[in-house]
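Please read the points below with the model open beside you. They go through a few places in turn and end with the overall picture.

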Amino acid sequence: YTLHGRAVALPLSRASSYGQVKVYVDGAYIATVDTTASSHVNRSVVFARRFAWGSHKLKLVVAGTAGRPAVVVDAVEVIR
């Protein structure tokens, strides 16, 4: 996903059957986010990052967590 701004946030759904996702910005690995939770939650901001104003590439890679392979992305929030 290509975005234009100075910050990004990822509101993802969380549940006991959801797994991990790796976050890359501009090709660089930033973090692995675990979306597991004891009860289902929609639009939980699990990742946020500020960076220099401009065009950036966001890449999400599902980590394939054993027994919890799903990741549900509710939105991508960009702050301009």
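This is a predicted model: local features need pLDDT of at least 70, side-chain atom pairs count only at pLDDT 80 or more; totals for chains, interfaces and linings use all residues.

**Notes on the model**

1. H56 sits in strand 4, which covers residues 41-62. Strands here are DSSP runs of E with at least two residues, helices are runs of H or I with at least four residues, and both are numbered from the N terminus. H56 is buried, because its relative accessible area is 9%.

2. Residues are numbered from 1 along each chain as its sequence is written, and side-chain values use heavy atoms, with hydrogens and water left out.

3. What does the side chain of H56 make a polar contact with? The partner is the side chain of D26, at 2.7 Å. A polar contact is a pair of N or O atoms within 3.5 Å; within protein, one must be able to donate a hydrogen and the other to accept it, and residues adjacent in sequence count only if both atoms are side-chain atoms. Setting aside neighbours within four places in sequence, H56 is in contact with Y1, T2, L3, G5, V25, D26 and F51. Contact means heavy atoms within 4.5 Å.

4. D26 itself belongs to the loop between strand 2 (20-25) and strand 3. With a relative accessible area of 47%, D26 is partly exposed. The phi angle of D26 is near 55 degrees, which is a positive value in a residue other than glycine.

5. R43 also deserves a look at its backbone. R43 is not a glycine, yet its phi is positive, at about 55 degrees. R43 lies in strand 4 and is exposed, with a relative accessible area of 62%.

6. S13 is found in strand 1, residues 2-14. Is S13 buried or exposed? S13 counts as buried, because its relative accessibility is 2%. The side chain of S13 has a polar contact with the side chain of D74, at 2.9 Å. Not counting residues up to four places away in sequence, S13 touches Y18, T35, H40, V41, N42, R43, V72 and D74.

7. R68 is in the loop between strand 4 and strand 5 (77-79). R68 counts as buried at 19% relative accessibility. The side chain of R68 reaches the backbone oxygen of Y18 at 2.9 Å. Beyond residues up to four places away in sequence, R68 touches S16, S17, Y18, G19, D34 and T36. From R68 to I30 there are 38 residues in sequence and 21 Å in space, C-alpha to C-alpha.

8. S38 and A28 give two further distances to check. S38 is placed in the loop between strand 3 (28-34) and strand 4, and at 79% relative accessibility it counts as exposed. S38 and S16 are 22 residues apart in sequence and 5.4 Å apart in space, C-alpha to C-alpha. A28, in strand 3, is partly exposed, with a relative accessible area of 37%. A28 and G5 are 23 residues apart in sequence and 17 Å apart in space, C-alpha to C-alpha.

9. Now the whole chain. The protein has zero helices and five strands, and along the sequence the pattern is β-β-β-β-β. Its radius of gyration is 13 Å, close to the 12 Å that the globule rule gives for 80 residues, so the protein is as compact as a globular protein of that length. The radius is taken over C-alpha atoms, and the rule is 2.2 Å times the number of residues to the power 0.38. The C-alpha atoms fill a box of roughly 40 × 20 × 15 Å, taken along the principal axes.

10. Two percentages describe the packing. Buried residues make up 34% of the 80 residues. Of the contacts between residues at least 6 apart in sequence, 76% join residues at least 24 apart.

Key:
Buried means under 20% relative accessible area, exposed over 50%, partly exposed in between (1.4 Å probe, protein chains only).
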